[in-house]
Amino acid sequence: MRVILTREAADWPTAWRAAVRIYLDRQLGLLSIEHDGTIAWDELQAIKNRMIGEKTTAIEIYPPADRVVNNIAMRHLWMLGADDWWPDLGREGTAKPVSLRDRYLAAHLSTGIWS
């Protein structure tokens, strides 16, 4: 992972008030934002849009308590692929199975074969 943008950069957006440094690892699909501890959702969304695209879906992971690493104010956004499923809360209920496996499992669950 490497720093791709810092607050000192000439093209740093003024609306990014809490972010300090931005790191990107395209191979892992990881966008990391170091911040001052006050970053809000709208700033994260704006950074995500500029750095990896408005049409890209990214998620955050909140691990079990015994796996938390919290030694710096940093948020990690993981990019999803075009075919990755995610809980689209804005369109709740419209998730459709996209693979043969998904359709097979959905069919079995809906018929009660495995209940």
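This is a predicted model: local features need pLDDT of at least 70, side-chain atom pairs count only at pLDDT 80 or more; totals for chains, interfaces and linings use all residues.
Residues are numbered from 1 along each chain as its sequence is written, and side-chain values use heavy atoms, with hydrogens and water left out.

Visitor: What pattern does the chain follow along the sequence?

Guide: Helices (H or I, at least four residues) and strands (E, at least two) are DSSP runs, numbered from the N terminus. The chain has 2 helices and 5 strands. Read along the sequence, their pattern is β-β-β-α-β-β-α.

Visitor: What percentage of the residues in the chain is buried?

Guide: A residue counts as buried under 20% relative accessible area, as exposed over 50%, and as partly exposed in between (1.4 Å probe, protein chains only). Of the 115 residues in the chain, the buried ones make up 24%.

Visitor: How far apart are the end C-alpha atoms of helix H1?

Guide: Helix H1 covers residues 41-52, which is 12 residues. The expected span of a helix is 1.5 Å times one less than its number of residues, so H1 should span 16 Å. The distance in the model agrees with this: the end C-alpha atoms are separated by 16 Å.

Visitor: Within what arc do the buried residues of H1 fall?

Guide: The buried residues of H1 are Glu43, Leu44, Ile47, Lys48, Met51 and Ile52. The arc is that of the directions from the helix axis to the C-beta atoms. Seen down the axis, these residues line one face of H1, because they fall within an arc of 135°.

Visitor: Which strands are included in what covers the buried residues of H1?

Guide: Contact here means heavy atoms within 4.5 Å. The cover includes strands E1 (2-6), E2 (19-25), E3 (30-35), E4 (58-59) and E5.

Visitor: Which residue just after H1 takes a positive phi?

Guide: The phi in question is about 110°. The residue that takes this value is Gly53.

Visitor: How many salt bridges does the count come to?

Guide: Side chains of opposite charge can pair when their charged atoms come close. A salt bridge is defined as a side-chain nitrogen of Lys or Arg within 4 Å of a carboxyl oxygen of Asp or Glu. By this rule, the count comes to 3.

Visitor: Which residue forms a salt bridge with Arg50?

Guide: The closest N and O atoms of the pair are 3.1 Å apart. The pair links distant parts of the chain, 39 residues apart, with Arg50 in helix H1 and its partner in the loop between E1 and E2. That partner is Asp11.

Visitor: Is Glu34, which meets Arg21 in a salt bridge, buried or exposed?

Guide: The side chains of Arg21 and Glu34 meet at 2.9 Å, N to O. Arg21 lies in strand E2 and Glu34 in strand E3, 13 residues apart. Arg21 is partly exposed at 31% relative accessible area. For Glu34 the relative accessible area is 13%, so Glu34 is buried.

Visitor: How many residues apart in sequence are the parts tied together by Glu60 and Arg75?

Guide: The closest N and O atoms of this salt bridge are 2.7 Å apart. Glu60 is partly exposed at 26% relative accessible area, and Arg75 is partly exposed at 23%. Glu60 lies in the loop between E4 and E5 and Arg75 in strand E5, so the parts are apart in sequence by 15 residues.

Visitor: Which residues make a nonpolar surface patch of about 300 Å²?

Guide: Patches are made of residues with over 30% relative accessible area and no salt bridge; like charges are joined within 9 Å, and nonpolar side chains (Val, Leu, Ile, Met, Phe, Trp, Tyr) within 5 Å. Accessible areas come from the Shrake-Rupley method with a 1.4 Å probe, and for residues only the protein chains shown count as cover. Trp78, found in strand E5 (residues 74-79), is partly exposed at 31%. The patch is made by Leu28, Ile61 and Trp78.
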